[in-house]
Amino acid sequence: MDTTLSPKRAGVFEAALQKIFTRGARVLEIAEPSPDFRLITLGGDALRDVDWTPGDKIQLMLGGWTQRTYTPLDWDAAEGRTRILVYLHGDAPGTRWARTLRQGDACAFFGPRKSVRLAPAASPVILFGDETSLGLAVALSAEATTHMLFAARDPGQTRAVAERLQLRNASVESAEHALDAHMAALLAAHPMADVVLTGKAGAIQHMGRLLREHGVGAARRQSKAYWAPGKTGLD
């Protein structure tokens, strides 16, 4: 028996599942803190009275079962509003979605769900990441004193966005040796800090080796890969 759904029926099925399992929202505002970034405010009744912890994620539905994961910068459960920061890179689905987005557009997402969680009273925190980690940096900074180190293709743009987001204690580098030296200095200055590694999978692996060389045990670090060359849909 042929159980293949026609495109029309598949679209109806997808819409029905989204209605049951996702939250609907509208785009309230789109800001451009720099050419390669979009700061997007989402809102709606489905975002009210939501239990959100800084570091939690949402998974946006982009059509055709395609999803992309973002970390809300903040969440106003009383007003039903949240913000995400999208890094525009290449021709990825999230980039295409953000480039064509308009105020008033509807969207749907799963979550919020647990992703990165700090230990109780975790302060200070060292956060390593890249352009895709800036949203998480804002969220974690509301919870603990966070020292941030970002690897960036365009350090000038990333610094400008970090300043726009009022990220204090943020450093941006592009060369691997500079990143290694800066991380070593942070570990020396904050020997009891918890460490969160995010962003590119290969960079996380490299920094993980450096942490082990400096005696940072597994209990003090956590990792979350957002992307890797040639792979899609990482968390």
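Reader: How many aromatic pairs does the rule count here?

Author: Keep in mind that this is a predicted model. Ring centres have to lie within 6.5 Å to pair. By that rule, the count comes to three aromatic pairs.

Reader: Take the rings of F37 and Y87: are they stacked, edge-to-face or tilted?

Author: Their centres sit 5.1 Å apart, with the planes at 35 degrees. Stacked needs planes under 30 degrees apart and edge-to-face needs over 60, so the rest count as tilted. At 35 degrees, then, the F37 and Y87 pair is tilted.

Reader: And how many residues apart are F37 and Y87 in the chain?

Author: F37 belongs to strand 2 and Y87 to strand 6. The pair links distant parts of the chain, which are 50 residues apart.

Reader: Switching to the domains, how much area do domain 1 and domain 2 bury between them?

Author: The chain splits into domain 1 (20-114) and domain 2 (125-227). Their contact draws on 17 residues from domain 1 and 16 residues from domain 2. Carbon and sulfur atoms hold 69% of the buried area, which totals about 1,400 Å².

Reader: Which strand gives the most to the side of domain 1 that touches domain 2?

Author: Strand 1 (23-34), strand 2 (37-43) and strand 6 (81-87) each supply at least two residues there. That side divides into eleven nonpolar, four polar and two charged residues. With four residues, the top contributor is strand 1.

Methods
Residues numbered from 1 in each chain as written. Predicted model: local features only at pLDDT ≥ 70, side-chain atom pairs only at ≥ 80, totals over all residues. Heavy atoms only, no water. Domains from an automatic or database assignment. Contact = heavy atoms within 4.5 Å. Buried area = accessible area lost by both parts, 1.4 Å probe. Nonpolar A, V, L, I, M, F, W, Y, C, P; charged D, E, K, R; others polar. Phe/Tyr/Trp six-rings, centres within 6.5 Å; stacked < 30°, edge-to-face > 60°.
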